[in-house]
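Please keep the sequence and the model at hand while reading.

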Amino acid sequence: MRGDVRSRRVVVVPDVVVNPPDGASDRPSDVALCGWGVVALPPSDLPADIAQPLVTAAVDQVIAFLDGGYEVALLPCADDPGMHRFVAALAASGRTVADLA
Amino acid sequence: MRTVCYLAHCLLNANAKVDEGARCQGVHSPVLALLRDHGCTIRQMPCPELAFGGTRRFWAVREQYDTPAYRAHCRRLAEPVAAQMRADLAAGARVIVIGIDGSPSMGVELTAASDEWGGRPDKPRDEDYPVTLGAGLFTEALLDLLSGVVLGVRVVGIGQDLFDYDEAAELAKLDAMLGGAAGDAG
């Protein structure tokens, strides 16, 4: 069997990080270099009826990683509404995740 | 024209792979670099197996997941993704789904199916994992939800779950599609 090289480290990032505006830094490539996997949140301008189930799915996945003993962190984006929505939904499930140091 | 690529979750997060299935640490950098080169907008689809079976699941086949509960789970996850795709198409974007060939859930052209596979996981997946023609269960749910616009969506599978995975060939296939080659869902 081939070796499994997963990092067991996952960082939650807002859409603006996955799809940076022209000239902005490519953070997913940066975190890739450090071995982190990415859970990308939906765009913050999506209608709530589309965004909310996607956020719920992201929360479910993060809980699966936490329960599996994986390290999970948030990429600090204090002013991103999508990240706010995710943090609130995660808190409602009784879980918290710290910012990436 | 803007190109929006909907990626299987594990292409940005190999930690979601089945046990022993991660080919990279986290982000699959070659795919990310290719999408960046083509100026694509990136969307990450949920991993249906991760939220259903957790991080310690083994390499199952379609028949093990093919239950009403799992199909409902896939459909629930696929509905907002399909809605997002419809919005992108309505805005004039080109939409491409990038799945994982060989996966029972995210396969596009190849999945894994067997009437015998199951029970105690005492065999390595590479040994005789039953890859077969066909799509995975999540892909099926997604394409079903896209009825009416499915001809506007292109789908491609990266063969990361295949024993004979050839990264250069898979990237060339993706590159060709991003450049406008054929591959419509219908």
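In what follows, Ala, Val, Leu, Ile, Met, Phe, Trp, Tyr, Cys and Pro count as nonpolar, Asp, Glu, Lys and Arg as charged, and the others, Gly among them, as polar. The model is a predicted one, in which local features need pLDDT of at least 70, side-chain atom pairs count only at pLDDT 80 or more, and totals for chains, interfaces and linings use all residues. Residues are numbered from 1 along each chain as its sequence is written, chains are lettered from A and ligands numbered from 1 in the order in which they are written, and side-chain values use heavy atoms, with hydrogens and water left out.

## Confidence

The predictor gives the complex an ipTM of 0.94 and a pTM of 0.93. Its confidence in each residue is the pLDDT, which runs from 0 to 100. Chain B has a mean pLDDT of 92, and 94% of its residues reach 70 or more. Helices (H or I, at least four residues) and strands (E, at least two) are DSSP runs, numbered from the N terminus. Among the elements of chain B, E2(B) has the highest mean pLDDT (98), and helix H5 (residues 125-128) of chain B has the lowest (68). Where pLDDT is low, the predicted coordinates should not be read in detail.

Grid points are joined across faces, edges and corners, and a volume is the space filled by probe spheres set on the points. The search of the whole structure finds four cavities of 30 Å³ or more.

| Space | Volume | Lining by class |
|---|---|---|
| Largest cavity | about 200 Å³ | 14 nonpolar, four polar, two charged residues |
| Second largest cavity | about 150 Å³ | nine nonpolar, three polar, five charged residues |
| Largest pocket | about 190 Å³ | six nonpolar, three polar, four charged residues |

The largest cavity has a volume of about 200 Å³. It is lined by 20 residues, and the closest to its centre are Ala40(A), Leu41(A), Pro42(A), Leu54(A) and Gln44(B). Elements of both chains give two or more residues to this lining: helix H1 (15-18), strand E2 (37-40) and helix H3 (48-67) of chain A, with strand E2 (41-44) and helix H4 (68-90) of chain B. H3(A) gives the most, four residues.

Asp15(A) is placed in helix H1 of chain A. Contact means heavy atoms within 4.5 Å. Not counting residues up to four places away in sequence, Asp15(A) touches Leu41(A), Pro42(A), Pro43(A), Ile42(B) and Arg43(B). Is Asp15(A) buried or exposed? Buried means under 20% relative accessible area, exposed over 50%, and partly exposed in between (1.4 Å probe, protein chains only). Asp15(A) counts as buried because its relative accessibility is 15%.

The second largest cavity holds about 150 Å³ of space. Of its 17 lining residues, Cys10(B), Glu49(B), Arg57(B), Ser103(B) and Asp161(B) are the closest to its centre.

The largest pocket has a volume of about 190 Å³. Its lining has 13 residues, and the closest to the centre are Phe58(B), Trp59(B), Gln64(B), Trp117(B) and Gly119(B).

## Nonpolar cores

In soluble globular proteins, nonpolar side chains tend to be buried together. A nonpolar core is a set of buried Ala, Val, Leu, Ile, Met, Phe, Trp, Tyr and Cys residues joined through side-chain atoms within 4.5 Å. The largest one has 66 residues, and Leu35(B), Met45(B), Met85(B), Ile98(B) and Leu142(B) have the most contacts inside it. H4(B) supplies the largest share of this core, seven residues. Met85(B), leaving aside neighbours within four places in sequence, is in contact with Tyr6(B), Met45(B), Val95(B), Val97(B), Leu142(B) and Leu146(B). A second, separate core of 22 residues includes Val55(A), Met83(A), Ala89(A) and Ala16(B).

## Helix H6 of chain B

In H6(B), the residues Leu137(B), Phe138(B), Thr139(B), Ala141(B), Leu142(B) and Leu145(B) are buried. The buried residues of H6(B) pack against helix H2 (48-53), helix H3 (62-65), H4 and strand E3 (94-100) of chain B. Leu143(B) is also found in helix H6 (residues 137-145) of chain B, but Leu143(B) counts as partly exposed because its relative accessibility is 23%.

Key
On a 1 Å grid over the protein atoms alone, a cavity is a set of points where a 1.4 Å probe fits but cannot get out, and a pocket is an open set with protein on both sides within 12 Å along at least five of seven lines; lining residues have an atom within 4 Å of a point. pLDDT is the predictor's confidence in each residue, from 0 to 100.
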